[in-house]
Amino acid sequence: MKIFVIGNLTPYVLGGAEQQARLLVEGWAARGHRIYVAGSALPNTDEAIKHFSITCLRIRVPKRFGRLGRGLGYAASLAVLLFRYRNKIDVVYCRFLAEGAVVTAFLKSIGIISVPLVACPASGGGGGEGELLRTLWGGGFLVKLLSRQCDVINLISEQIEKELVNIGVSPARWARVPNGVSVSRIPAPFPRVPPLKLIFVGGLRRQKGVDLLLQAVAESINSGVNVELCIVGDGPDRESLKILARELGVADRTKFLGAVDNAGISFEISSCHVFVLPSRWEGMSNAALEAISAGRPVIVSDCGGIDRFVDPRVGWVIGLGDAKGLSSAIQRASVLTHSQLSEMGRQAHEIAKREFDIVNSITAYLTIFSEITKID
């Protein structure tokens, strides 16, 4: 089967959605399928993945002419690529229900391409695709266009499903293939406690709630908790968060590591005790999946994603924007023994194996592609 993927990949972009796309693409290629990947951050090159070739295609976005000009440039460049490869591909898979899906849906609607379209929205809440379509001028038209032309929309969280249904998105078929992760054979060994070592991995922007985490760490320290925080990732709020850490008096207990590659992320997660993700909105965090795969308890917010799989055996779920609740969870984690934390990590690892093994996600997508294309 020949699969055309719209989305960026690691290492060209360091992010959860990009890592998820990379895992899927590698898995499909390893099973003998021909893969083309189009993304705005990709080079024009062929990559050798496990003896199979992946063709990377650059979607060209002009740096000038403002947001509208960049959007039109992206659409035109992607349209040219889809037209060029229209007779070489069997299915289009689009990460995000955004520009790439809209361009593909439009080309289908006017008969330029005729292959099935599978889209996977990445996020719910204030920054998700559902909210964007609801508030965007012309959003009603786009909802109808996507509903008519998307053969399958895959839902990775309950929150995303609720938002899309509420605005009237109704594709030919819904699917529920979860994000996946390469699950380690056994959980990573736990470092000794104290201090309790927390880790956050993600983009440094308001969505992820790192400001709430710093406040919670400060409150926990003031309550006598011996805790350290490792922040992995970069973003527009990095400098303001460093300033906040100094103002709260936790700068000496907080490490800002910046952007780290996947191997580095795995090492840092394994060096800590508890993974924390206090997002204000989220889809299905790849970093959280990495954490439970490594056998780490988690503290997550009630976003309708990974939190649906978290119970007291594996971690804590806090309310959206609840810094005090986050501090309380940190303090509860701090009184657990090494063996208690290790057992929570073991249970988390079992959830990763049962629910989020990337092998299952790779297979499930290929089954969908085969059903809608009638190609084995």
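Helices here are DSSP runs of H or I with at least four residues, strands are runs of E with at least two, and both are numbered from the N terminus. This is a predicted model, so local features need pLDDT of at least 70, side-chain atom pairs count only at pLDDT 80 or more, and totals for chains, interfaces and linings use all residues. Residues are numbered from 1 along each chain as its sequence is written, and side-chain values use heavy atoms, with hydrogens and water left out.

**Helix α13**

- Helix α13 covers residues 358-373, which makes 16 residues.
- From first C-alpha to last, α13 reaches 22 Å, close to the expected 22 Å (1.5 Å times one less than the number of residues).
- Several α13 residues are buried, among them Ile358, Tyr365, Leu366 and Phe369 (buried means under 20% relative accessible area, with a 1.4 Å probe and protein chains only).
- The buried residues of α13 pack against β1 (2-6), α1 (16-30), β5 (91-95), β6 (117-120), β7 (152-154) and β8 (174-175), where contact means heavy atoms within 4.5 Å.

**The ends of α13**

- Just after α13 comes Lys374, with a positive phi of about 65 degrees.

**Cysteines**

- Searching the whole structure turns up zero disulfides (a disulfide is a pair of cysteine sulfur atoms within 2.5 Å).
- The cysteine sulfur closest to that of Cys94 is in Cys150, and at 8.1 Å it's too far for a bond.
- Cys94 counts as buried, at 1% relative accessibility.
- Cys150 also counts as buried, at 1% relative accessibility.

Notes: Buried < 20%, exposed > 50% of the residue type's maximum accessible area, 1.4 Å probe, protein only.
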